[in-house]
Amino acid sequence: MDQPDVEKLELFLSCRSLNDLDTFTVSDPYIIMYIQNNQKCMSLFLFQLGFEHGRTEKIDNNLNPNFTKSMTLEYHFEVQQHLRFEVYHYVDERESKLIGRVDSTLSAIVGSKDQLLSLLIYDEQNKKGGIIIIRVDQVKDCSDQVTLQLRGSKIIETRFWFWRSTNPFLRFYRLRKDDPNPVLVYETEYVLNNVNPVWQPIVCKAQKLCNGDYQMPIKIELWDYRTSGKHVFIGETEASLEELKNGDNQRQFVNKSNKSNGNKVVGILQVTNFILNKKASFMDFLQGGLQLNLLVAIDFTGSNKNIDDITSLHYQDPRGSPSLYEQAITSVGDILINYDYDKKVPVYGFGCKPKLTVFNTKDTLHCFPLNDNPDDPEVYGLEGIVKVYKDTIHKLVFDGPTYLHPVISHAMLQANDIKDAQQENYLILLILTDGQTNDIQITINDVVASSHLPLSIIIVGIGNADFKLMEILNNNDLSMVDSKGNKSQRDLVQFVPFNKYNGDAKLLSREVLKELPDQVVEYMELTNQAPKPAKVMKFSQQTYNSKKQSQQQIQNQQQKQPRQSQQFQDWPQQQTSLVNLMTDDDAQSQKRLSGGMGVNVLSQGMAQTGFLQRIISEVPNQQNSQFYQANRFNSQN
C-alpha cells in the first residue's frame, strides 16, 4: 500500500489577556510548543520530559502578543498528534514563570473554523492565565529568498513637546483570499526618533512572507515603538511581491481607522532595493554531485565512569546489553551513515590513555584513531563503527578533562584541505560526549573560524549532565562571537541531548538532521557556490561488481593489524615535537592550523597516507591547565 503524502503545516501563535506576572511593568511572554512522541501515552509527565518542538521569540511588555516566529511540523492525517503549548513570562536567563499551558491536537487545530483555534490556558494552580490563539497554514514548497531594502519618508510625528518625534517600525501580514484574519509573519526593528527612517535590509524566504504566492497581498503596518509595549498604530499599506518585483516601489501609508480624517496619508514607504533569488536547495547540491563525509569522535573521559561500573555510560554488560554510548552510536550513526557516500568513516577517541599497539602512552590523548591505525583511521559502515568501539574500549584508561578543540581542529584541517582542493565534499563531525567541555572559549573560536569551511558539527550529549554550555554552541541566532570579537557567519553546530529522544527513532532522526540541510546550503551561499547540473548515473553489472569488490577490499583491510613502527614506539619521549595549540595569538594558531596534517583528498579514501600527522594530547601544566600540547609525527613520506 502506498504511504499517504505528508504535508507540512505552519502554526502561527498569538495570545490575548495574559496574566501580568511582572512586578514593575507587564509580562514579557514567549511560548514553548511540545509534541508528544508516543501516541499511546498522554500525560503531564511525558511532556515534562522535555520533547520541545520549538519556541517563539520573547515580546517585551505585552499581554496581547502576536509572535512572528512560527512552528513548522509534519501533518499525518491518520495519526493523532498531541501538542502542548506553554506560555511563560521571561524573568532572566535563569528563570521564567509559567503563565499557563494547554493541550490540544493538530487535528483539532486543522479542523477548526478557518483553521483558527482559541483556547484558554491555565497555570499550575489551575487558574486562568489567558487565551492562546493558534492559526494553521499549509506550507508551500518555495525556497526562493527575498531581499528588501525599505525606507520611510514624511512620517507624521506622534508625540508632542519635548518628546516630539516617532520611533517607526513595520509589521508584515499575510492576507489570504476570503480570510478576514491576517497573519503576522515579520517585524522590523524600530528606528529611534526618525520620521525618515531607513530600516535594516530584510532577508528571508519568500515562503515566510507570502507562502510562495507572489500575488498574495501583504499588509504592511507602520507603528510607533513605545518602551511600555503600548505601541501606537500610524498607518498601513498593501503590496504583493509580484508588484515590488515589477518596479512598483512606492506606497502611501494611510490611517483607515481615523474616520474623521478619511484616508489621510501618514507617511511614504519606498522600496530602494528588491532582489528575488532562486535559492538552491539541499537536494540540488546532492544531485549536482556533492558528497557528504562522516567523522566520529567518542568521549572516553573519567566522568563516564569505569566500564565495569553498572552506572557507567560505557558499561559493558556481561549479558551483552549495549551501553548508552553504543545505543547512541547505533541510533544516530544509523541516521547519518545513510548520507555518507562511501560509508568509510574515520573514528577517533579522546580524553583517555590508550593502551594499544601503536598508541600506548601514559599521557592523555585528545584525538587518536580508535582503530590504532594513524595511516588509515577509517572503518566501514555502522557495523565498523560499533565494532571498533567494542574492540577498543577495554584497552583505554579513562581520564580527562573534556576538550573538544582537538577533534574539531582536526576536522577543520580536513575541511580546509577539501576547500583548497575545490572538491565536492562536505564534512559532518559527530561528537558523542557526556558533559560540558573544559575549553568552551577555544571551541567557540573554532566554530566561528569554521564558518567558511565545508563542515557541520553534531554534538550528541550522553547521560543526564548539565548541557547548558553546549546549547551555546547551537548558535541559532548567529550571536556567537569569538575571543577577538569576530562574529559567526552561519550556524554549523547542532546539539542533541540523546536521553531526551532515546526510544523514539523518528523524533531522534528529525532532531539530528533538522539543521543539516540548511547548514550545507548556507555554506554554499556564503562561499558563492551554485549547484552543478544533476549528474546522470549509468548503472551496469560491471559497476555493481566493482563496488562490491571495493567494499570487500575495505573489509579485508580492516582485519589487518596496524604495523608497529619505530617512529611511534618512542613517541612519548619526543619532547622536541611538542607544540602549543592554544595561545593568545590567534593568527599564529591559524598559521599552524593551515600548515599541518598532510591530508589527501576524501574521494581517494579519506586521507590514506600520513593521515594523522598531528595527534593531540594534553601535557600537564600546573600554571595553566587549559593549555594543550600536541605530538606531531613525521610523515613516512
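The model is predicted. Its largest nonpolar core has 82 residues, a second, separate core has 32, and the structure holds nine aromatic pairs.

**Nonpolar cores**

- Within the largest nonpolar core, which counts 82 residues, the members that touch the most other members are L11, F85, I298 and L432.
- Helix α6, spanning residues 324-336, supplies the largest share of this core, namely six residues.
- Leaving aside residues up to four places away in sequence, F85 touches L11, L13, I31, I32 and M33, together with G100, R101, V102, I109, I132 and I134.

**Helix α13 and its cover**

- In helix α13, which runs over residues 516-526, the buried residues are L516, Q519, V520, V521, Y523 and M524.
- The elements that cover these buried residues include the helices α5 (282-287), α8 (405-420) and α12 (505-513), as well as the strands β23 (425-433), β24 (455-461) and β25 (493-497).
- N528 follows α13 and has a positive phi, near 55°.

**The aromatic cluster of F169, Y190 and Y225**

- One aromatic cluster is formed by F169, Y190 and Y225.
- F169 and Y225 make an edge-to-face pair, with 6.3 Å from centre to centre and 75° between the planes.
- Because F169 belongs to strand β10 (residues 168-174) while Y225 is in the loop between β13 (218-224) and β14 (232-239), their pair ties together parts that are 56 residues apart in sequence.
- The pair of Y190 and Y225, by contrast in geometry, is stacked, at 3.9 Å centre to centre and with 5° between the planes.

**Charges over rings**

- R171 is placed over the face of W223, at 4.5 Å from the ring centre.
- K219 has its charged end over the ring of Y173, at 5.3 Å from the centre of that ring.

Conventions: Residues are numbered from 1 along each chain as its sequence is written. This is a predicted model: local features need pLDDT of at least 70, side-chain atom pairs count only at pLDDT 80 or more; totals for chains, interfaces and linings use all residues. Side-chain values use heavy atoms; hydrogens and water are left out. A nonpolar core is a set of buried Ala, Val, Leu, Ile, Met, Phe, Trp, Tyr and Cys residues joined through side-chain atoms within 4.5 Å. Buried means under 20% relative accessible area, exposed over 50%, partly exposed in between (1.4 Å probe, protein chains only). Helices (H or I, at least four residues) and strands (E, at least two) are DSSP runs, numbered from the N terminus. Contact means heavy atoms within 4.5 Å. Rings of Phe, Tyr and Trp (its six-membered ring) pair if their centres lie within 6.5 Å; planes under 30 degrees apart count as stacked, over 60 as edge-to-face and the rest as tilted. A charge sits over a ring if NZ of Lys or CZ of Arg is within 6 Å of the ring centre and within 35 degrees of the ring normal.
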